[in-house]
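Please read it with the structure open.

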Amino acid sequence: MEEYHKYSIRKNRFRRSFLSGLEIEGEESLRCGAGTYRRVFISSPIDGIMEGAGWGRLHLEWELGPDMVVTVYAAAADIQSIWMEDRQISCGDVFYSDEIPPEQKRHLMERLGAKKAVNQQDILLYELEGRYLYLFIDIQGYGEGKISRIWVDNRGDLFMDTFPEVYREHGSFFHRYLSVFSSLYLDFQERIDRVAELMDIDTAPAELLPTFGRWLGVDVSGDFLKENRLRLLIREAYQLNRMKGTKAALQRVSEIILEEKVIILEKNVMREDTQAEDQRLYEELYGEGTYDVTMLISTYVPEHQKSQLMFLLNQFKPVRSRLKIRFLDTKGNLDEHAYMDMNAYVCEAAQGVLDERQGMDGSILLPE
């Protein structure tokens, strides 16, 4: 029985292949440019080790726009050159040249006896035989998206050899029928082999991250964090729990969420260092309670996200304290949160514009 091999097309092979209108994204994906109508990927030849090697199943996944069409050509040969127009031509010289148009490359694939499939993510390659397998992926249509998880194996089914020899007709209807169950079996087996990735914060699906947060005592429900920020928060949740109730914990959580350095003012500390002449103004700025905490931020947080932000920060604030968030507008007024080296400015008359969060601070003119 022929030994089973699975060939994954990943970043290293992408670099050795021909790409037009596509960019490498991560380890196993190609991103489609939005302003290009046609994108082409021609893989470097996959070596099946022996001459006359058989090929099984080609698999690829994509997330593309509704008007985009994916055409796949697959061809196999024992040699890496072909006779055309009374001369021998290297397939690599044609496929990987930037000067030769895609139509000529597609024509060469047809000369090699390529199999064609349109908008199919699983393709059986039983009729192909040859040591070297060539793949040509043609994506046409305006839009954005990516293709990923491209791989090919050399058998396509695992169950054929369990039947008597009289049933073992390669490429027959029975052979293709068994391939359905083999594909399901191999896909499930791959998911089982990669189950450890589900427990890795960097590779786990985004929908599992809130569950990991609950395990670590952090409620991140609400779907208001970007995926990369959420992964970073969960990754540091253990250390943050150990610092819970401290100024450092609030600063780090805020930095992860808002992607900026924040300033935290604790009133019980400021009372010792600050001599406020106007006690009422002092309390309006920094709170009336001894344990009030004021956080100064520069990133504007929309109203619909403010409550979610407070919900998360309240999980890390000190007990009995009250947390207030103040957005440092670039047009701060005196007797408010205006600081000379941060958001103070010299007033200049300007025309007001609606729907741009412009405050009526006395410097806005309403023209006739």
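In this predicted model, the side chains of Arg106 and Glu103 meet in a salt bridge, with 2.6 Å from N to O. Arg106 also forms a salt bridge with Glu110, where the closest N and O atoms are 2.5 Å apart. The points below place these pairs in their helix, then turn to another charged pair and to a nonpolar patch.

- Salt bridges that share partners join Arg38, Glu103, Arg106, Glu110 and Asp138 into one network.
- Arg106 is partly exposed, with a relative accessible area of 21%; the cut-off for buried is under 20%.
- Glu103 is partly exposed at 38% relative accessible area.
- Glu110 is likewise partly exposed, with a relative accessible area of 42%.

**Arg31 and Glu25**

- How far apart are N and O in the salt bridge between the side chains of Arg31 and Glu25? The distance is 3.2 Å, and the cut-off for a salt bridge is within 4 Å.
- Is Arg31 buried, partly exposed or exposed? Arg31 is partly exposed, with a relative accessible area of 30%.
- Glu25 counts as partly exposed too, at 31% relative accessibility.

**Salt bridges in the whole structure**

- A search of the whole structure finds 17 salt bridges.

**Nonpolar surface patch**

- Which residues make the nonpolar surface patch of about 670 Å²? The patch is made by Phe173, Tyr177, Val180, Phe181, Leu184 and Phe188.
- Tyr177, one of the residues of this patch, has its place in helix H4, which covers residues 173–193.
- At 44% relative accessibility, Tyr177 counts as partly exposed.

Conventions
Residues numbered from 1 in each chain as written. Predicted model: local features only at pLDDT ≥ 70, side-chain atom pairs only at ≥ 80, totals over all residues. Heavy atoms only, no water. Buried < 20%, exposed > 50% of the residue type's maximum accessible area, 1.4 Å probe, protein only. Patch = residues over 30% accessible without salt bridge, like charges linked within 9 Å, V, L, I, M, F, W, Y side chains within 5 Å. Areas by Shrake-Rupley, 256 points an atom, 1.4 Å probe, with all protein chains shown as cover. Helix = DSSP H or I, 4+ residues; strand = E, 2+ residues; numbered from the N terminus.
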